[in-house]
Amino acid sequence: MLGVYSNAWKVKDIRRKLMYILLVLLIFRIGARIPVPGMDMGLLAAMMTGDQGILGMIVGGEMGTIFAMGIGPYITSSIIMQLLTVAIPKLEQLKKEGEEGRKKINQITRILAVVMAVLQAGGTVFSQRFMFFEGYQNIFVWSVAALTMVAGTMFIMWMSELLTEKAIGNGASFIIFANILSALPGGVMTLYAAASAPGLMNPIIVVAILIIFVFVVGFAVLVQDGQRKIPVQYSKKMVGRQTYGGQSSFIPVKVNIAGVMSIIFAMAILGFPQQIAMFFPQPAMEDILAGIAEPTALMRITDFLNMTSFTYIGPVPIPFGAMIYVLLIFAFTFFYTSFAVNPVEMAENLKKNGGFIPGIRPGKPTSDYIARTVNRLSWIGAVFYSVIALIPVIIEWVSGIWVPGGIAVGFGGTTLLIVVGVALELVKQLESQLLMRNYKGFLNT
């Protein structure tokens with residue numbers, strides 16, 4: 001991998017694209033530290049732990065800044081449009097119209113992203129309305145802060161599209177990639193602080209956590225590159241005096257067809273009550289613990305769906321949040337795969353091109369065989385995703401034995417899966433561009 005980056009850096013055109021990526025990501029990280037007008041960042045840091053959850057760390061930015069929402073509204077609108085494309089025939093027809101249809105769908109996605117950003121910014125500012133400086137707690141300042149956050153999200157969306165157009169790979173993936181890596185120093189410092197505190201952790205536990213970290217990286221690479229190759233044979237046919245076909249090929253079916261989308265869907269569903277709670281006043285946790293106030297229904301639901309919390313049925317603690325999390329991952333894995341892969345269409349394309357799967361008759365038997373293969377891989381992928389997603393939760397559970405509240409290092413299997421996926425995709429893009437450049441040079445000699 002390092003050799004690919006080294007060779008790519010020596011090529012002027014590719015080096016310019018890589019520097020463009022670094023420049024855009026630098027602008028993104030600078031904006032993620034600029035507070036919104038009137039926000040008291042010191043008070044915000046004192047009143048909040050800064051833990052936005054895994055989903056917030058993936059698509060969001062620093063709380064109280066102009067990039068606080070990150071690229072989250074755009075990702076949400078893209079997910080909604082993918083679902084609507086399957087449900088609404090008009091959108092499905094637009095998708096099949098080629099480049100013009102995709103442009104119209106992208107335009108609708110941007111408009112929907114603005115709507116989602118306005119709603120999320122309003123809820124965020126309302127939940128943090130008392131975190132502004134004295135004298136700035138009024139509707140005008142709050143409106144300016146919300147509009148600033150919306151403008152920040154639109155700016156990030158514009159930068160991601162620039163990266164997609166002028167750089168290498170998907171721009172939104174690079175934004176998420178940078179957002180995740182920015183949380184790594186904080187996770188390292190959290191682990192170091194827990195290891196340095198007397199009586200909390202010993203070097204053996206620290207080494208064990210680091211070994212688990214390396215294992216997760218390898219496991220994420222395995223899941224990212226895993227695929228099942230369905231063999232395909234093409235029959236021979238005569239066109240004039242020439243013979244065509246008779247070649248062997250394969251259909252690659254990836255284990256992670258749904259990618260991290262199933263995990264993101266599951267986290268979005270579990271975090272929905274917390275998002276709704278932003279629009280309503282909630283009692284302070286200190287008052288609840290002191291018995292002065294009672295938790296609201298939304299707070300009870302949020303605590304019930306919290307992946308790291310337990311609900312006691314008698315003396316038995318049951319992690320309902322984690323159990324629902326796993327069930328949602330399985331459900332969304334099969335749901336996303338159902339419209340990402342169309343076995344009937346694949347079987348028809350094979351039949352039109354004179355291809356067949358050895359031992360399987362063309363037509364419906366072929367589509368049934370592909371469907372069975374995809375379903376089996378979906379089960380394997382769902383298990384892999386669940387294990388990867390639960391690793392940070394389990395670490396927090398186990399570490400809670402010797403560290404009050406557990407160790408939330410903020411860099412778990414889900415985030416590693418995204419980071420590894422983006423890094424591997426970048427390597428593949430660089431390799432293809434280097435190969436194309438060498439191929440052109442060979443032809444010109």
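## A buried phenylalanine and its ring partner

Phenylalanine 67 has a relative accessible area of 4% and is therefore buried (buried means under 20% relative accessible area, exposed over 50% and partly exposed in between, with a 1.4 Å probe and protein chains only). The structure is a predicted model, in which local features need pLDDT of at least 70 and side-chain atom pairs count only at pLDDT 80 or more, while totals for chains, interfaces and linings use all residues. Residues are numbered from 1 along each chain as its sequence is written, and side-chain values use heavy atoms, with hydrogens and water left out.

Six aromatic pairs are counted in the model. Rings of Phe, Tyr and Trp (its six-membered ring) pair if their centres lie within 6.5 Å; planes under 30 degrees apart count as stacked, over 60 as edge-to-face and the rest as tilted. Phenylalanine 67 and phenylalanine 155 form a stacked pair, at 6.1 Å centre to centre and with 20° between the planes. This pair links distant parts of the chain, 88 residues apart: phenylalanine 67 is in the loop between helix H4 (53–59) and H5, and phenylalanine 155 is in helix H8 (residues 139–166). Phenylalanine 155 has a relative accessibility of 33% and so counts as partly exposed. Ring pairs join Phe28, Phe67, Phe155 and Trp158 into a cluster.

## A second stacked pair

The rings of phenylalanine 304 and phenylalanine 320 are also stacked, because their planes lie at 25° with the centres 5.3 Å apart. Phenylalanine 304 belongs to helix H14 (residues 297–305) and phenylalanine 320 to helix H15, 16 residues apart. Phenylalanine 304 is partly exposed, with a relative accessible area of 32%, and phenylalanine 320, at 24% relative accessibility, counts as partly exposed.

## Packing of helices H5 and H15

Two packed helices are described by the angle between their axes and the distance between the axes. Helix H5 (residues 72–87) packs with helix H15 (residues 320–340) at an angle of about 55°, and their axes are 11 Å apart. Axes are lines fitted to C-alpha atoms, for helices over the stretch in contact, with angles running from 0 to 180 degrees between N-to-C directions. H5 and H15 are therefore oblique to each other (under 35 degrees is roughly parallel, over 145 roughly antiparallel, 65 to 115 roughly perpendicular and the rest oblique).

The crossing of H5 and H15 is left-handed, a term that applies if the near helix is turned anticlockwise from the far one by less than a right angle. H5 contributes Gln82, Leu83 and Val86 to the contact, and H15 contributes Phe335, Tyr336 and Phe339. Contact means heavy atoms within 4.5 Å.

Threonine 109 is located in helix H7 (residues 99–127) and counts as buried at 5% relative accessibility. Not counting residues up to four places away in sequence, threonine 109 touches Tyr74, Ser77, Ser78 and Met81.

Proline 231 lies in strand E1 (residues 227–234) and is partly exposed, with a relative accessible area of 38%. Neighbours within four places in sequence aside, proline 231 is in contact with Ser249, Phe250, Phe356, Ile357 and Pro358. Proline 231 and isoleucine 251 are 6.5 Å apart in space, C-alpha to C-alpha, and 20 residues apart in sequence.

## The chain as a whole

The protein has 18 helices and seven strands (DSSP runs numbered from the N terminus, helices being H or I of at least four residues and strands E of at least two). Of its 445 residues, 40% are buried. Among contacts with a separation of 6 or more, 71% involve residues 24 or more positions apart.
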